[in-house]
Amino acid sequence: MVKHIFTLDVLIDSVLNWVVKSGLKFGGDFLLYKKGPPFFHASYLIVIDVLTSDTYERKAEVCRRSMDWTKLIGLNRLTETAAKEVLICQIIWPSDLTLKEAKISSNVLKSFSVNSILMRRWIAKQQRHCKDVK
């Protein structure tokens, strides 16, 4: 099981009413299911990225994967074949908080923020119907 600083599955389930499962099968951190696996296939593959709050650079000691474009494109193509979308969750880590302090108390959650980026592949052929032809 993937262990993170805080329980993202409880946070998402309580706020958005989505069911969270492991996303390792598809190369991500979590899968999001609307109402649960017996009812629907997963809609999103969640990829967690951690950035520092002062410079917005990746916090290497808690990031588990590289986020270069070739790997993201490959991940996006994999999820497209499985009818899912990639949702990158950027956890903004407070610059004055150490990893040890974050593991001790759940009170530090208020100091974190999250940006979400929905990654989609643009396919020109599918967009031709949107063009006005004169």
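Contact means heavy atoms within 4.5 Å. Axes are lines fitted to C-alpha atoms, for helices over the stretch in contact, with angles from 0 to 180 degrees between N-to-C directions. Helices (H or I, at least four residues) and strands (E, at least two) are DSSP runs numbered from the N terminus. This is a predicted model, in which local features need pLDDT of at least 70 and side-chain atom pairs count only at pLDDT 80 or more, while totals for chains, interfaces and linings use all residues. Residues are numbered from 1 along each chain as its sequence is written, and side-chain values use heavy atoms, leaving out hydrogens and water.

**View 1. Helix H2 on the sheet.** Helix H2 (residues 69-81) lies across E3, E4 and E5. H2 runs at about 135° to E4.

**View 2. The open sheet.** Five strands follow the order E1-E2-E3-E4-E5, with mixed pairing (pairing needs at least two DSSP bridges between two strands). E1 and strand E5 (113-119) are the edges; each has a single partner strand, so one side of each lacks a neighbour in the sheet. Neighbouring strands are turned by 30° against each other on average, direction ignored.

**View 3. Glutamine 90 in E4.** This residue lies in strand E4 (residues 85-93). Glutamine 90 is buried, at 16% relative accessible area (buried is under 20%, with a 1.4 Å probe and protein chains only). E3 and E4 pair in the parallel sense over nine bridges. Glutamine 90 is the bridge partner of aspartate 49. Beyond four places in sequence, contacts of glutamine 90 include Leu51, Ser113 and Ile117.

**View 4. Phenylalanine 112.** Leaving aside neighbours within four places in sequence, phenylalanine 112 contacts Ile91, Ile92, Trp93, Pro94 and Leu97.

Terms used. Buried < 20%, exposed > 50% of the residue type's maximum accessible area, 1.4 Å probe, protein only.
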